[in-house]
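Welcome, and thanks for taking a look at this structure. Here is a short briefing to read alongside it.

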Amino acid sequence: MSVGFIGAGQLAHALVRGFTAAGVIATHKITASSPDTDLPTVQQLRKLGVNFTTSNKETVSRTDVLFLAVKPHIIPFVLDEIGPDIEDRHLIVSCAAGVRISSIEKKLQQYRTSPKVIRCMTNTPVVVREGATVYATGSYADVEDGKLLEQLMASVGYCTEVEEDLIDAVTGLSGSGPAYAFTAVDALADGGVKMGLNRRLAVRLGAQALLGAARMLLDSEQHPGQLKDNVCSPGGATIHALHVMESGGFRSLLINAVEASCVRTRELQYLADQEKISPAAIKKTTLDQVLQQPGVTPDAVGVRSRGISMFNSSSSSSRTKKK
Amino acid sequence: MSVGFIGAGQLAHALVKGFTAAGVIATHRITASSPDTDLPTVLGLRKMGVNLTTSNKETVNKSDVLFLAVKPHIIPFVLDEIGPDIEDRHLIVSCAAGVTISSIEKKLLQYRSAPKVMRCMTNTPVVVKEGATVYATGTHAEVEDGKLLEQLMASVGFCTEVEEDLIDAVTGLSGSGPAYAFTALDALADGGVKMGLPRRLAVRLGAQALLGAAKMLLESEQHPGQLKDNVCSPGGATIHALHFLESGGFRSLLINAVEASCIRTRELQYLADQERISPAAIKKTTLDKVLQQPGVTVDHFKLLYL
């Protein structure tokens with residue numbers, strides 16, 4: 001089995017590193033293509049022994065499982081380019097946030113009657129084989145296709161099948177999740193440094209504390225709240241710390257983050273589906289700006305107004321109470 | 001080598017589970033004592049094959065490395081009880097937040113001339129062998145004693161030696177850290193559920209995302225900010241989410257938390273050192289209330305806020 005990547009950026013690089021570390025596929029059976037050969041990830045992929053090319057068509061002809069690892073607004077163009085070259089054997093796996101199976105199948109059906117499409121949402125910790133991946137199967141993908149993808153992705157972390165309508169929420173949670181964690185560790189380390197630790201030790205301890213806690217939760221049947229209770233001794237240091245977090249609405253910030261990422265994912269999907277905005281502009285456009293355009297009505301938008309009002313609300317401004 | 005635990009609560013239980021999973025010591029070589037035999041952790045320890053007793057003296061006699069795994073305000077009483085039974089071979093390892101090596105040595109010097117004492121701060125993820133532990137060595141503990149403890153604690157996670165004056169800060173960061181993470185995971189799961197995910201999947205994905213990110217950071221030389229940049233594509237979903245975190249002062253809340261835990265640790269240490277407050281009351285007392293007591297001056301206070 002050969003695996004191909006259209007796109008040779010962060011995602012392709014992370015997946016290749018994870019797959020090869022897991023030993024599920026040899027690098028010489030992997031091909032990746034990108035028009036931009038100056039990306040640092042391109043050099044890293046080359047170093048790993050991946051076959052690199054600037055031709056997407058070459059990637060298609062050399063592979064069986066084809067990952068679309070490009071930005072969402074690029075997907076339609078890629079599909080038009082490789083459509084004619086897709087064969088029966090190909091399994092197309094789109095990793096693009098917000099791009100629906102139906103839009104991919106619609107494009108490919110101009111060229112083939114039953115294109116096998118799977119949509120997946122993963123995250124960068126696949127690079128250390130602790131990724132979080134979900135996938136949904138398209139109309140023509142078989143059970144074995146799903147199992148094949150699951151085998152690949154399970155070698156680099158957690159993987160489970162879901163209904164497609166959940167994938168945007170997964171994007172908001174585990175897709176963007178690592179960024180929330182990196183921010184948290186940076187801040188925790190700042191706290192440690194403020195109280196006298198050297199930076200290196202503070203980063204190490206902060207990351208280790210998060211990792212250990214996450215591992216405890218994954219290995220336990222207990223509720224996170226119960227695990228939290230277990231580490232808060234009466235009148236102790238930890239419950240004092242938790243109080244300041246709760247006072248600042250810590251939990252709410254994280255709920256907001258998951259929601260914002262999910263809503264933005266749906267926005268990008270909507271904008272891409274419309275194909276009214278130039279792809280280069282989509283990533284710089286918010287739904288508000290789309291609605292200001294002549295001829296675009298709120299009905300046509302089809303996104304609940306709640307999604308728009310969240311960006312306009314100033315609910316976050318009065319929350320923080322500094323000590 | 002035998003290991004003993006004075007105290008059979010959460011910490012003893014977590015360490016025993018970790019040590020036995022790591023295979024560094026057999027359970028029959030572990031003894032734990034507690035006056036309260038109804039604790040759920042006591043049953044857990046029994047099930048693992050640990051020798052349980054209500055006699056602290058028995059634990060001392062049966063072990064070489066002795067962990068003091070009781071609450072900070074209990075430490076002085078335990079030391080007075082076991083002091084006469086300490087032998088040359090014993091290595092006393094205190095895990096009590098805020099209890100200084102000098103206060104332990106001072107107590108034990110009434111009974112022995114050169115008590116070997118170490119102080120460590122660990123955390124509950126030792127139970128899954130992903131703990132974070134630091135330790136400082138006392139006046140009479142030798143290099144080999146430090147190495148022995150480090151070997152034990154490294155079997156259940158990260159372990160490094162530090163100067164004692166850093167331990168309160170470590171308490172605020174990695175000692176309390178798991179609680180910050182559990183709270184964050186509960187909230188992340190709420191976010192996922194709000195956007196349509198079933199609870200179980202949301203908890204699973206949230207925990208996996210944090211675990212993976214932490215592992216990436218530990219295995220990378222890059223700055224957390226660089227790793228954050230790497231996952232924020234222009235105009236994408238993640239940077240939108242980050243804006244919300246920043247708008248709400250997310251980072252500041254975490255700095256506050258580390259600081260609050262560290263300060264409370266120092267408070268508890270100060271109160272225990274004073275030995276003026278009854279032990280049962282200490283855990284319910286804040287420094288403010290202590291200062292309201294007759295005879296306590298602000299000068300004592302200055303020690304805390306270095």
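Two residues are in contact when they have heavy atoms within 4.5 Å of each other. By that rule, 103 residues of chain B and 108 residues of chain A take part in the contact between the chains. This is a predicted model, in which local features need pLDDT of at least 70 and side-chain atom pairs count only at pLDDT 80 or more, while totals for chains, interfaces and linings use all residues. Residues are numbered from 1 along each chain as its sequence is written, chains are lettered from A and ligands numbered from 1 in the order in which they are written, and side-chain values use heavy atoms, with hydrogens and water left out.

**Where the chains meet**

- The area buried between chain B and chain A is about 9600 Å², with carbon and sulfur atoms giving 77% of it; buried area is the accessible area (1.4 Å probe) that two parts lose on being put together, summed over both.
- On the chain B side, Phe182(B), Met195(B) and Phe244(B) lose the most area to chain A, together 9% of what that side buries.
- Four salt bridges are counted between chain B and chain A, a salt bridge being a side-chain nitrogen of Lys or Arg within 4 Å of a carboxyl oxygen of Asp or Glu.
- Lys194(A) and Glu259(B) meet in a salt bridge through their side chains (2.8 Å, N to O).
- Elements that give two or more residues to the side of chain B touching chain A include helix H8 (177-194), helix H9 (199-218) and helix H12 (250-274) of chain B; helices (H or I, at least four residues) and strands (E, at least two) are DSSP runs, numbered from the N terminus.
- H9(B) gives the most to that side, with 19 residues.

**Chain A as a whole**

- Chain A has 16 helices and eight strands.
- Of its 323 residues, 57% count as buried, where buried means under 20% relative accessible area, exposed over 50%, and partly exposed in between (1.4 Å probe, protein chains only).
- Among the contacts in chain A with a separation of 6 or more, 65% are between residues 24 or more positions apart.

**Two loop residues with positive phi**

- Most residues other than glycine have a negative phi.
- Arg129(A), which is not a glycine, has a positive phi of about 60°, and Arg129(A) lies in the loop between strand S6 (116-121) and strand S7 (131-137) of chain A.
- Lys129(B) has a positive phi near 65° and is found in the loop between strand S6 (116-121) and S7 of chain B.
- Both are partly exposed, Arg129(A) with a relative accessible area of 38% and Lys129(B) with 35%.

**Salt bridges within the chains**

- A search of the whole structure finds 34 salt bridges over all chains.
- Lys116(B) and Asp145(B) meet in one of them (3.4 Å, N to O).
- Lys116(B) is in strand S6 and Asp145(B) in helix H6 (residues 143-154) of chain B, so the pair ties together parts that are 29 residues apart in sequence.
- Lys116(B) and Asp145(B) are both buried.
- The side chains of Glu267(B) and Arg264(B) also form a salt bridge (2.6 Å, N to O), and both residues are buried.
- Glu267(B) and Arg264(B) are separated by about one helical turn, because they are three residues apart in helix H12 of chain B.
- In chain A, a network of salt bridges links Arg119(A), Glu164(A), Asp168(A) and Arg266(A).
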